[in-house]
Amino acid sequence: MTQIKSTVFFDNKKLANVFENNGLDFSRTCFAPFFISLFHYFLPLRAKFLTESYVAYENGKVLGFIAVEKDERNRKRLKITKVFLEQNSFDIGKLLVQYVISRYCAMGAISYHVIVEDSDNDMLSLFVEGCGFRKNAQEFIYKISDNVLKYDENAVSEGFKFYKNIKSADVCRLHNLNINSYQRHSFSKTKEQFEPYFAAGMSDKVSFSYVLEDEQKNKLYGYFNITTYNNIDYMLDFVLDNAFEIYFEDALAYISYCLSKRVKNWNLYVKIKTYFTNYKNYKEYCENKSYELVRSSCILTKDYLREIKEGSLLNSAKIVFNDITPAFKTN
């Protein structure tokens, strides 16, 4: 009989052997020391800050593995980050996904998403056909060659500033207004998601941001977040207001300049998401520049509940239901 258990209570040496035999990097599964993992396992969802993972096994043999992490500042939105299944283990995959969804729904989670490469038909089939996820958007990642970006320290920095979290409300507004209206429910953010995360120092991820701002008008037109795990490969996640798309090339040049001051050798990858209204312009720019398309992926989502906001119809009136049929029962 197949059992599912948190990796906190599983033999990680056995997992490491499975990963090694399948060419996977065990160290990137975000395992923490046992006592930290044990403490974290019992935390409520709102307080969790590490990736949690689960293993499916039968008679001591590992059949599948799944890892889940909470959005850094949205305690009800979770992302499935890793899935490993042995051959012919489609049903095991369904069990694992259903298990983590059930577990975290009970803790208050209402939304799940996973990013799957377009070419991975088996994984797409697992989530879409097997687990009821829907294709909500696409994501394209391009590698930017540093030798084609020309930057001048005096010319390129105008308007670009290091991001300070006092602008979090403005950045949040910029982000949400540039999302397609029919996709805002899935991808909109709160201003807290653009503020420093208290547990950032406990992760091996380094993150920093810049903004495009008109200080005289006190208006913000662009936000650029850069993350890295190894100080070599840097991922750019950004949003630019529709009227300021022409600054995309200047932004790449400025970021390249900042990276060159930070480290000698680096790779810059740009993430373009189709739920932004102007994504086609950035995608076309990268294609015209012959930047390498590293990955094309589907963003899959599964939502369960919609939170009721203050002032909504369901929150503003008392609703009573009384089934009177028992009063008319006859002997």
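The legends below describe close-up views of a predicted model.

**View 1. The buried side of helix 2.**
Helix 2 spans residues 34-41, and its buried residues are S37, H40 and Y41. These residues lie on the same side of helix 2 because they cover an arc of only 100° around the axis. An α-helix has 3.6 residues a turn, so residues three or four places apart point the same way. F35 and F39 are exposed on the other side of helix 2. The cover over the buried residues of helix 2 includes strand 1 (3-6), strand 2 (52-58) and helix 3 (90-105).

**View 2. The ring pair of Y41 and F42.**
The ring centres of Y41 and F42 are 5.0 Å apart and the planes stand at 90°, so the pair is edge-to-face. Y41 counts as buried, at 17% relative accessibility, whereas F42 counts as exposed, at 61%. Y41 is also one of the buried residues of helix 2.

**View 3. The largest nonpolar core.**
This core has 33 residues, and those with the most contacts inside it are F224, L236, F248 and L268. Among the elements that each supply at least two residues are strand 6 (134-144), strand 8 (206-214), strand 9 (219-228) and strand 10 (233-240). Helix 7 (248-262), strand 11 (267-273) and helix 8 (279-288) also each supply at least two. Helix 7 gives the most to this core, with eight residues. A second, separate core has 26 residues, including Y54, V100, I101 and L124.

**View 4. Surroundings of F248.**
Apart from neighbours within four places in sequence, F248 is in contact with F238, L240, V270, Y282, Y285 and C286.

**View 5. The stacked rings of F187 and Y275.**
The structure has a count of 24 aromatic pairs. In the pair of F187 and Y275, the ring centres are 3.9 Å apart and the planes are at 10°, so the pair is stacked. This pair links distant parts of the chain, with the two residues 88 residues apart. F187 is in helix 6 (residues 184-187), and Y275 is in the loop between strand 11 and helix 8. F187 is buried, with a relative accessible area of 9%, and Y275 counts as buried at 4% relative accessibility.

**View 6. Charged side chains over rings.**
K283 places its charged end over the ring of F140, 4.7 Å from the ring's centre. R103 lies over the face of Y104, at 5.7 Å from the ring centre.

**View 7. H113 in strand 5.**
Strand 5 covers residues 111-117 and contains H113. With 18% relative accessibility, H113 counts as buried, because the cut-off for buried is under 20%. Not counting residues up to four places away in sequence, H113 touches R77, L78, K79, I80, F133, L300 and T301.

C131 counts as buried, at 8% relative accessibility.

Definitions and conventions. Residues numbered from 1 in each chain as written. Predicted model: local features only at pLDDT ≥ 70, side-chain atom pairs only at ≥ 80, totals over all residues. Heavy atoms only, no water. Buried < 20%, exposed > 50% of the residue type's maximum accessible area, 1.4 Å probe, protein only. Helix = DSSP H or I, 4+ residues; strand = E, 2+ residues; numbered from the N terminus. Arc of directions from axis to C-beta. Contact = heavy atoms within 4.5 Å. Core = buried A, V, L, I, M, F, W, Y, C linked by side-chain atoms within 4.5 Å. Phe/Tyr/Trp six-rings, centres within 6.5 Å; stacked < 30°, edge-to-face > 60°. Lys NZ or Arg CZ within 6 Å of the ring centre and 35° of its normal.
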